[in-house]
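Try each task before reading its solution.

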Amino acid sequence: MHPVTPFQLLEADKENIQPIPQGRSASKLASLMKYDTDQLSLKLQEERATFENQLLPENLEEMDDPLQLYIQYVKWIRENYKTGNTKESQLIKVLERTTHDFKDVEYYKNDVRYFKMWLEYITYSENPGDIYNYLLKKQIGKELALFYENYALYFEAINQWDDADEILSLGLTNKARPIVRLKKSYDSFKIRKLNSINTQDQKSTLGLQNKDGIGLSSAGVSLKRKHSKIEIFQDKEPNTSSFNKEESTKFADTPAIDSLVNTNKENVINPSNWEGQTLKSTSATNQLNKKAKLQIFEDKSMEYPITKLVQRSDGKSFDTLDYNIDLFLSKDTSQLPNSLSEVLLMFFKPLEATNPSDVLSSVSVYDTPSQKRLKMDTDIEQDTPLVEYFKSSKQLFNSEDHIENGQTDLLDHLLPNKDEKLSLPNAIADGFSDIFQDTLTKTLEKMENQTENKQETNQVEPVTETTFSKRSNDEIMSSPFVENPNLVASLSQTVQPWTDDFFSHFGETVQNSLYNRSNYHNMSSTSFNKLPVLKNVLKSNLSPIYGNKQTLVEFESGSIYCFTKELHNSSQNISYLSERMDGEINTVIVSSPPNYWQPFIINRINEKLNDFIKCTAFYNFKDESYLLLPYFKQGSVSRLVNILGNHQSLTGKNLLEETIVIYFTIQLLNNMLKLHSNRFIHCSISPENCMLNIQTPNNKLTFNDVCFTDFSKSIDLSMLSQYTRFKLADEEHDWCFEKDYLGVANVIHTFLFGSELQTITTNEEVSFRETIKKYWQRDLWNELFKLLLNATDDMKQDLERIKSKFESWFSLTVDKRMFIARLNTIADILDSKKA
């Protein structure tokens with residue numbers, strides 16, 4: 001016998017306990033009050049997550065009676081949320097799911113448990129007649145007396161006695177069970193109906209007689225009310241559903257019932273037939289009258305830039321200038337300048353010209369600054385941002401014109417004499433920082449020397465695909481002031497990457513950078529000759545080999561590694577799995593001849609970013625090099641797709657659902673954009689080079705589960721000129737960041753479709769062959785692939801925007817607890833499989 005729960009335990013909270021028809025357990029209510037609010041909320045969330053996990057489609061398919069699980073879920077909500085239906089309890093949502101999920105299952109249509117879920121759902125509806133009519137058309141409860149009894153009670157409550165009579169008669173015709181109880185209900189209904197008619201007859205005779213004893217209606221007297229000055233609002237009659245026996249037999253066009261969230265909205269008119277409705281229209285005259293009669297004045301006289309239209313010397317063309325060209329034509333500097341560039345130009349030697357067209361004609365026939373820059377000696381410094389602005393102005397220098405002998409370069413007039421130094425008046429100099437004065441003086445002197453050298457030689461070797469500039473890192477700068485796209489195009493140079501010339505050009509810089517670190521070991525004077533032995537013992541696709549002395553490698557005293565398995569073999573290097581004597585496991589990339597480019601790039605990336613792969617050690621010998629990196633037990637994206645594909649074929653469960661793919665996609669975009677923002681191109685992003693390290697510490701998402709590897713072809717753009725692009729001998733188009741965009745698109749495609757990307761071109765737009773499934777986020781995926789496959793150089797802003805859309809969708813849509821549980825399941829499967 002269960003002990004009696006003292007009422008004192010419930011006394012303090014009795015106002016918050018909502019009664020339910022099924023009754024509440026006092027002991028259960030008392031047990032809930034033992035927890036504080038936070039503890040109870042956490043407990044209920046965990047128990048709800050268990051129910052939700054059991055209700056996944058793949059789990060329900062294995063159950064004999066899935067409806068029972070829904071019923072237990074509803075019962076759990078009733079017992080644990082004493083306030084009834086609230087936002088926290090989500091009772092209505094669960095009832096809607098229960099009724100909806102089985103509405104087309106014939107097995108449950110006449111199950112009394114299922115129909116009771118409908119009855120509880122109806123109690124929260126403002127239009128129960130619509131739901132009863134829906135059940136009638138869907139034949140839900142057709143064989144149950146409970147359906148006809150409750151439907152008749154609804155009609156009885158709104159005084160539609162005839163409809164109630166027809167409903168009960170229909171139940172008897174259909175021999176609804178239990179038929180004996182239904183007959184008793186029908187007999188009781190007839191008595192209530194008769195009593196109702198008698199009561200209405202009595203009320204109709206009371207208070208309706210005049211002093212002569214004759215009813216007002218019988219005397220032909222009409223009652224007239226005075227019109228009130230204030231119109232009294234009268235609500236519409238409640239929407240009642242009349243029973244139509246003929247309509248109840250039409251099942252083909254049964255409409256879907258709307259959720260209670262929509263049907264119970266306040267101040268919203270329910271949809272109705274458009275026939276007979278009048279739409280109000282607004283005439284064009286009324287629209288015009290709504291416009292403001294007074295136009296607000298906007299003074300644009302002080303807007304920058306100040307533009308001037310100047311005719312060229314040929315008298316046929318004009319140029320629009322965004323600066324005050326009069327400053328070039330006269331020594332009179334009394335007029336106020338309009339911009340910083342005009343202030344600086346005021347202190348240069350004025351031209352001996354009197355007509356603006358003379359200035360433009362003299363400029364148009366000389367070398368442009370963009371052409372000069374390409375012909376500069378490769379050892380000089382990069383132009384500073386300030387001078388870059390003047391050199392890139394499309395109005396001041398015409399990049400399409402050429403030189404004629406005997407013409408004067410405008411830059412010559414801007415430069416001081418050879419023996420002079422640029423000086424600014426004190427009043428002006430005080431207004432600028434030292435960097436402006438020093439930079440401008442230094443750069444103008446440099447440009448003057450270039451002009452003299454050019455006049456002497458009159459010939460400079462152009463930049464070609466195999467020409468590299470030897471510039472230190474401090475000399476390489478980018479200018480935010482470049483505004484002329486033609487100038488950018490003329491400054492760009494195309495380089496063929498990954499050739500011997502490409503790597504050897506940076507050899508000295510790379511080696512000096514590497515061997516200044518403690519975990520980089522230079523043994524280039526000693527031959528190691530260990531790779532042939534490893535190739536002979538360790539073969540691809542074989543199980544790990546332990547205890548073989550030939551696979552023991554000692555790089556230096558005390559540093560012994562046991563190579564156990566070949567992981568990957570390419571034309572450039574071989575990757576092995578190795579274990580150190582203290583148990584540490586590493587991936588070792590062996591290259592012959594030695595390759596120091598990948599450790600150098602990894603080192604450069606980690607100087608700027610802290611969340612990419614790091615080198616454990618690097619050993620460089622005369623004939624071989626050994627790069628030690630962390631080992632990712634879970635493997636690559638390709639391995640994930642293959643394993644989960646096999647898992648689905650065996651169990652029928654698709655673990656790699658869209659939410660998981662979106663989670664990984666956010667990380668792929670984030671990692672790529674970090675590299676690009678720091679001027680790195682990976683160049684080898686692929687399903688094989690994206691490794692997984694799925695972890696959920698403290699049941700939290702890290703968004704750091706995908707790691708890029710294989711930086712052997714990566715490029716640090718800061719080591720090259722600003723507008724460098726790349727092109728291999730067999731490629732049709734040059735590229736820069738586009739290489740990584742295509743790689744990320746390929747990885748995402750592999751996640752979604754289980755195969756690598758194959759593109760097609762339609763109307764000059766690149767897309768992929770497969771079709772996005774209709775229940776996926778089509779708009780997001782189409783927008784992302786359109787950007788990645790049709791990219792034009794730097795698309796960082798557009799990709800940041802689409803990444804934010806994915807992040808917002810993930811944050812607002814995904815149940816984090818269920819998602820983490822699924823992610824942990826995937827991690828367990830990957831960890832359990834042998835690499």
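**Exercise 1.** In which loop does Phe703 lie?

*Solution.* Begin with the source: this is a predicted model, where local features need pLDDT of at least 70, side-chain atom pairs count only at pLDDT 80 or more, and totals for chains, interfaces and linings use all residues. Residues are numbered from 1 along each chain as its sequence is written, and side-chain values use heavy atoms, with hydrogens and water left out.

Now find Phe703 in the loop between strand S12 (690-692) and strand S13 (706-708). Helices (H or I, at least four residues) and strands (E, at least two) are DSSP runs, numbered from the N terminus. Next, check the backbone: phi of Phe703 is near 50°, a positive value in a residue other than glycine.

**Exercise 2.** Find the cis peptide bond that leads from Arg177 to Pro178, and place Pro178 in the chain.

*Solution.* Omega of this bond is near -10°.

**Exercise 3.** Describe how helix H7 (residues 112-122) packs with helix H9 (residues 145-157).

*Solution.* First, the angle is about 20° and the axes are 10 Å apart; axes are lines fitted to C-alpha atoms, for helices over the stretch in contact, and angles run from 0 to 180 degrees between N-to-C directions. H7 and H9 are therefore roughly parallel to each other (angles under 35 degrees count as such). Finally, list the contact residues (heavy atoms within 4.5 Å): H7 gives Val112, Phe115, Lys116 and Leu119, while H9 gives Leu146, Phe147 and Asn150.

Notes:
Parallel < 35°, antiparallel > 145°, perpendicular 65-115°, else oblique.
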